[in-house]
Amino acid sequence: MRRSPVIVAMVLFLSSLALPGAAQDLDARRTAYDAGLKAMVEKNWPQAHRIFSELWAEQQTYDVAVSLGQAELHLERHREAAEHVDWGLRHLPPREKPGVVQGARDILDRAKQHVTVVRVTVEPEGAEITVDGKTVGSAPLGFDLYVEPGSHSISARAAGFEPADETFEARPGDGRVVTLRLRPASASTGPEYTPHATDMTPPPREPRPASSARPVVLWTGVAVTTIAVTAGIVFAINRSSANADAEDLRRRAEAELGQNPCANASTAPVCRELEEKLDDRNDAARLANISFGAGIVAGVATAVTWLAWPSKTTDSSAALRLFPVAQKDGSRLMLYGTF
């Protein structure tokens, strides 16, 4: 059900009276607003437009913006209607009633059917944006623009940058995104900037000095070596501890069950504990060997890489790469590059 524009305007105005910063002469403003409502009831849209335009010039409030937009919509001034109602919606207080919000959106939707909605993105921020030579704000705008059907030009200007422009044909009910990226004036050596023309070819990579990468390789290798050796020491300690516990359990089993008590897969609890400790000892021994092996490989690889690293500037594709790998069945070294 379409809401009456008079009801929407009336609720908007009554809500705005409690807003901070209302006009000092509130009675005179209320009288003028009432006159605008009366003109709307009488469908005297030129009169309503004149009244609300004067109120808007005195003080910009969301209630006057939406009411002015209603009058402009009936006068077929669709661009102005969209701009004013959009402004009103962006400044509606959070406490406003949902019915008022929906009524304003309905008015904006009707106005949008006759204009093109333009969303503008400009780099860098702070650039001045103009539509058909008229300044509309600075980047980023934070709101949409509305233009009537026909040819239009959007421009962006900023100190120290080459200007950027885009011309397009607007159609009723259409939407458009305009992206303008300004080039620094000192770096502009080619043809004038063309919007949306993006060079997808990445710039050539600068050669990386070998001297800056060598310490990284060295400390990475040292870290890997240290971690591997430390892990080997921890597993060796665990192996010794598990072996000592196993010896204690073996002596206990012999005391309880005689010579070779667990040789025939005895199910005695002490034999099960002994078997678990022996498994722990074997696992720790295997992991200690792998860790020490990885530490030796990493240490040797670090030394070789450090000595073989090119002394001159080189591309990253020619740099030496080192990948020590520790696995369950041993340790390996992956090393490739240009020596």
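Helices here are DSSP runs of H or I at least four residues long, and strands are E runs of at least two, numbered from the N terminus. Counted that way in this predicted model, the protein chain comes out with 8 helices and 9 strands. Of its 339 residues, 35% are buried. The chain exposes about 20000 Å², with carbon and sulfur atoms supplying 55% of that area. Among contacts with a separation of 6 or more, 57% are between residues 24 or more positions apart.

Two residues other than glycine turn up with positive phi. Lys43 sits in the loop between helix 2 (26–41) and helix 3 (45–58), with phi near 60 degrees. Lys43 counts as exposed because its relative accessibility, 62%, is over the 50% cut-off. Asp132 is in the loop between strand 2 and strand 3, and its phi is about 55 degrees. At 45% relative accessibility, Asp132 counts as partly exposed.

Glu123 and Pro124 are joined by one with omega about 5 degrees; Pro124 belongs to the loop between strand 1 (116–123) and strand 2 (128–131). The other joins Ala139 and Pro140, with omega about 0 degrees, and Pro140 falls in the loop between strand 3 (134–138) and strand 4 (145–147).

Then there is Glu72, in helix 4 (residues 62–74). Glu72 is buried but has no salt bridge: Arg77, the nearest side chain of opposite charge, is 5.3 Å away. The Glu72 side chain does make a polar contact of 2.8 Å with that of His84. Leaving aside residues up to four places away in sequence, Glu72 touches His49, Arg77, Glu80, Ala81 and His84.

Conventions:
Residues numbered from 1 in each chain as written. Predicted model: local features only at pLDDT ≥ 70, side-chain atom pairs only at ≥ 80, totals over all residues. Heavy atoms only, no water. Buried < 20%, exposed > 50% of the residue type's maximum accessible area, 1.4 Å probe, protein only. Contact = heavy atoms within 4.5 Å. Areas by Shrake-Rupley, 256 points an atom, 1.4 Å probe, with all protein chains shown as cover. Lys, Arg positive; Asp, Glu negative; His and termini not counted. Salt bridge = Lys/Arg side-chain N within 4 Å of Asp/Glu carboxyl O. Polar contact = N/O pair within 3.5 Å; in protein donor to acceptor, adjacent residues only side chain to side chain.
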